[in-house]
Each structure stands twice: as C-alpha cells, then as structure tokens.
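Have the sequence and the 3D view open as you read.

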Amino acid sequence: MTVPVLLFASLRSKHGDCVPVELPADATVGVLKSVLRSQGLWVDGARVAVNRAFATDEHTIEQRDEVAVIPPVSGG
Amino acid sequence: MIRLQPEPIDPELIRRSLEGTDAGGVALFCGEVRAVTGEVRTERVVYTAYEPMALAEMERLAKEAAERWNARVALVHRLGELRPGDIAVVTAAACAHRAEAFGACRFLIERLKADVPIWKQEFGPDGSVIREGERTVEVENADEVGG
C-alpha cells in the first residue's frame, strides 16, 4: 500500500509537505520508521503520529490513516 | 480557551476567560521571543504547526491539567511571524490556591514545549535556522517553511 506521509520542520524544507511511502500491508509504525530512515526522511528524536496522536512502534498503519513525522518540537 | 492564532495574544483576555469566584489564584505564563540566544541575534521568527494535531495535543494537556490540579486552564500559541518581545505563548491556570495554579501552569508550558507539534524558524543577520528541540538546522533557501 502507498501511504501519504506528512512532513514538518527541516524535513518539510528539504522534501516538501507530503511524500508517498510504499509499505507492506499491515505495516507497523516501526516498519514505517525503518523505511523512512532508509529514504533519508527521518531526523534524530522524531516521532510518528497516526491520526493526529503520537503512535508506538507496535501500532499498525491502515491505508486511510493520516500519518505524519514529527521532528523534535520547538514551540513556546 | 485553547487556541492557535495569527493575531497578537492579549494575556488580559485570557485571564478574564478564567474568571470565577471559585478560584483564589490565577497563574499565567507568557513566553516571549528573545532577541538574542547565546551569541545569535534574532530579527524575526516564524511559528508553524501541524495545526489539527497541535490543537488535539493542547486539548489533551488542558484536560490532564484540569483534572490533576482541579483547575480551569487556558493555552494559546501564536503562529506566523513574530518579532523580539512579542508574546508567542500563554499558559494559564485558575485554582483554589496558588500552589495548584503554579503547578498546573508550569505543567502546561513544559508539556507544550515537549509534545505539541509547533516549530520555530528564526531569521537573523546570518541567515535562517529551524529549531528542532535543542538543535538548530540551517535552512539553505531562506523561504519560510509552511505549516
């Protein structure tokens, strides 16, 4: 399945707002992270959000989920 | 009051949103844009957010603080371009007593800075950096990174 992944901060400045990522069916967040790392779409300390909430590595990604990479934040 | 807004933040408006006769203390924290960090001068900053998630996280933090300290709370962050001295964020808590109010207010700003997906891009005489936690990432083209 192809899942659009939203990017922010330095990843957005380098790669744009959103990139399509090819994943095996029933891929977990952990699998997504290793795919993103291999494509240079990751930064140290980033977390993955699924449907607008931080997700653990064991969380299974569905085709229609809203997936985002959240680099370390700097609000405040 | 939980908000992300491009308009300047009025702390008095936020304080008033927490008024009530049950509270004996209101603690309110204003985070402002610094002109100098270490030796780096900042002329302007641009805040961007993953807005729907940022609001969801802010709601979650507000609920947790409200329950833990029996507080009425407010959490407002500004987005877009700000100058040194501008207020970037306000967290506020109204409680029966000051200890709880300070506790809830502190919790809100500390957790916002750790978990709410908002990012700061700084512009100075030497170019532009995006802050990601404690580190800075140089931006080659100085265009603003959209939110």
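The report below covers the sheets, the helices and the contact between the chains.

## Reading the model

This is a predicted model, in which local features need pLDDT of at least 70 and side-chain atom pairs count only at pLDDT 80 or more, while totals for chains, interfaces and linings use all residues. Residues are numbered from 1 along each chain as its sequence is written, chains are lettered from A and ligands numbered from 1 in the order in which they are written, and side-chain values use heavy atoms, with hydrogens and water left out.

Helices (H or I, at least four residues) and strands (E, at least two) are DSSP runs, numbered from the N terminus. Two strands pair if DSSP finds at least two bridges between them.

## The mixed sheet of chain B

Let's start with an open sheet in chain B, where 4 strands follow the order β1-β6-β8-β2 with mixed pairing. At its edges are β1 (2-5) and β2 (25-32) of chain B, each of which pairs on one side only. Neighbouring strands here are turned by 10° against each other on average, direction ignored; axes are lines fitted to C-alpha atoms, for helices over the stretch in contact, and angles run from 0 to 180 degrees between N-to-C directions.

Helix α3 (residues 98-115) of chain B lies across β2, β6 and β8 of chain B, at about 145° to β8(B). For a closer look at the pairing, follow β2(B) and β8 (residues 87-95) of chain B: they run antiparallel and are joined by 8 bridges.

## The antiparallel sheet of chain B

Chain B also has an open sheet of 5 strands, paired antiparallel in the order β7-β5-β9-β10-β11. Because β7 (80-82) and β11 (135-138) of chain B stand at the edges with a single partner strand each, one side of each is left without a neighbour in the sheet. The twist averages 30° from one strand to the next.

Strand β5 (residues 44-49) of chain B pairs with β7(B) over 3 bridges in the antiparallel sense. Within this pair, B:Tyr47 is opposite B:Gly80 of β7(B).

## Strands of chain A

In chain A, β3(A) and β5(A) run antiparallel, with 4 bridges between them, and A:Val50 stands opposite A:Val67 in β5(A). Another antiparallel pair, β3(A) and β4(A), is joined by 2 bridges; here A:Ala49 faces A:Phe54 in β4(A) as its opposite residue. These two strands, β3(A) and β4(A), form a hairpin with 2 residues between them, and A:Asn51 in the turn has a positive phi of about 50°.

## Where the chains meet

How many residues of each chain are in contact with the other? The count is 24 residues of chain A and 28 residues of chain B. About 2100 Å² is buried between the chains, with carbon and sulfur atoms giving 59%; buried area is the accessible area (1.4 Å probe) that two parts lose on being put together, summed over both.

The rule finds 1 salt bridge across this interface (a side-chain nitrogen of Lys or Arg within 4 Å of a carboxyl oxygen of Asp or Glu). The side chains of A:Arg47 and B:Asp115 meet in a salt bridge at 2.9 Å, N to O. On the side of chain A that touches chain B, the elements giving two or more residues are α1 (9-15), β3 (47-50), β4 (53-54) and β5 (67-70) of chain A. Among them, α1(A) gives the most, with 6 residues.

Technical notes. Contact means heavy atoms within 4.5 Å.
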